[in-house]
Amino acid sequence: KSESNTMEQYHWFVPLGFVLGAYGTLVGAGGAFVLVPILLLLYPEASPETITSISLAVVFFNCLSGSAAYAGTRRIDYKSGLLFSIATVPGAILGTLATAYVKRGTFDALLGVVLILASIFIFVRPNPISRPRKKASPNSFRRVLVDSEGETHDFSYNLPLGLALSLIIGFLSSLLGIGGGIIHVPVLILLLSFPVHIATATSHFMLAIMALTATLMHVGTGGFAHGGIQRTIVLSVGMIMGAQLGAILSPRLQGGYIVRGLAIALAMV
C-alpha cells in the first residue's frame with residue numbers, strides 16, 4: 001500500500017484521539033490508560049514495545065497541548081512538577097528498556113492488574129484524609145498557589161515520599177505505556193494532599209516530560225516499527241485538539257467528579 005492509503009486507514013484515529021485527549025486532560029491522566037488497551041485489541045500481533053512507543057508519543061503531544069492550556073489557569077505547580085520529574089525520568093528510562101523483554105501475554109495481564117488496582121484504590125479512598133495543620137517537619141514541603149480565578153491553594157506534602165513514588169511511577173508507566181497519570185493523580189491527591197485541580201494540572205506537566213523521555217528512548221531503540229509513526233501522527237492530531245477541550249472543562253467540574261470519573265474509567269477498561 002502507498003503511504004497515503006496507509007494514512008487513510010487510520011483516519012478514524014483522529015476522533016478517537018480527540019475523545020481520549022479531552023478526557024485524559026480533564027482527569028490529568030493523558031488518556032493512554034484507555035489508548036493502550038484499544039491498541040492491544042486492534043493489533044493482537046503487535047509487540048508491547050510497539051504499543052508503548054505509539055502510546056507514549058501520543059501522550060507527549062496530548063500533555064504538551066494540555067499543559068499549554070493549563071498554564072492559563074495557573075494551576076500547575078511547576079516547582080513540584082520539576083522536582084518529581086527528576087525522579088520520574090530515570091524510572092521512565094529503565095521502564096522503556098525493560099519493555100523489550102516483556103512477553104505480550106505477561107504485558108496484557110500486568111496492565112490489567114495495574115488498572116484494576118488503581119480503580120479500587122481510588123474508590124476505597126476517594127477523598128484525601130483531613131489532617132490538622134502541624135508544625136513544618138524537615139520533610140514537609142509547603143506550596144501556596146493562586147490560580148487565575150483568585151482561589152488560593154495552600155498545602156504541604158512529604159517531599160522524599162513524593163520523589164520515591166515518582167521513581168516507581170516513572171518505571172511502571174513507561175513499562176506499560178500508560179503515561180503514569182492514572183497512578184500519579186491518585187498519589188498526588190490521596191498520599192501527598194494535593195488539591196484535585198492542582199494535581200491534574202501538575203500531573204499533566206510531569207507527564208509531558210516523562211513521555212518525551214520515553215519516546216526519545218523508543219526512537220533510539222527502534223520501537224516505532226510497523227506503522228507506528230503513521231498511527232502516532234494521526235492519533236496526536238486528535239489528542240492535541242481534545243486536550244484543549246479537556247482543559248476548558250476541568251475548572252467547570254467539581255474535583256470529586258473528576259476523581260470518581262477516573263476510577264469508573266479504569267474499572268471499565
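Trainee: At what angle do the axes of helix α7 and helix α8 cross?

Mentor: This is a predicted model. In it, the axis of α7, which covers residues 159–176, crosses that of α8, residues 181–191, at roughly 160°. The two axes come within 10 Å.

Trainee: Are those helices roughly parallel or roughly antiparallel, and why?

Mentor: Angles over 145 degrees count as roughly antiparallel, and the crossing is at roughly 160°. Therefore α7 is roughly antiparallel to α8.

Trainee: Is the crossing left-handed or right-handed?

Mentor: The crossing of α7 past α8 is right-handed.

Trainee: Which residues meet there?

Mentor: From α7, the residues are Leu165, Ser166, Ile169 and Leu172. They meet Ile183, His184, Val187 and Leu191 of α8.

Trainee: How many of the residues in that contact are nonpolar, polar or charged?

Mentor: Six residues of the contact between α7 and α8 are nonpolar and two are polar, while none is charged.

Trainee: Turning to the whole chain, how many helices and strands does the protein chain have?

Mentor: The protein chain contains 11 helices and two strands.

Trainee: In what order do the elements run from the N terminus?

Mentor: The order is α-α-α-α-α-α-β-β-α-α-α-α-α.

Trainee: What share of the residues counts as buried?

Mentor: The chain has 269 residues, and 54% of them count as buried.

Trainee: And what is the accessible surface of the protein chain?

Mentor: The total is about 11,800 Å², with 69% of that surface belonging to carbon and sulfur atoms.

Trainee: What about contacts between residues at least 24 apart?

Mentor: Among contacts between residues at least 6 apart in sequence, 82% join residues at least 24 apart.

Notes. Residues numbered from 1 in each chain as written. Predicted model: local features only at pLDDT ≥ 70, side-chain atom pairs only at ≥ 80, totals over all residues. Heavy atoms only, no water. Axes fitted to C-alpha atoms, helices over the stretch in contact; angles between N-to-C directions. Helix = DSSP H or I, 4+ residues; strand = E, 2+ residues; numbered from the N terminus. Parallel < 35°, antiparallel > 145°, perpendicular 65-115°, else oblique. Left-handed = near helix turned anticlockwise from the far one by under 90°. Contact = heavy atoms within 4.5 Å. Nonpolar A, V, L, I, M, F, W, Y, C, P; charged D, E, K, R; others polar. Buried < 20%, exposed > 50% of the residue type's maximum accessible area, 1.4 Å probe, protein only. Areas by Shrake-Rupley, 256 points an atom, 1.4 Å probe, with all protein chains shown as cover.
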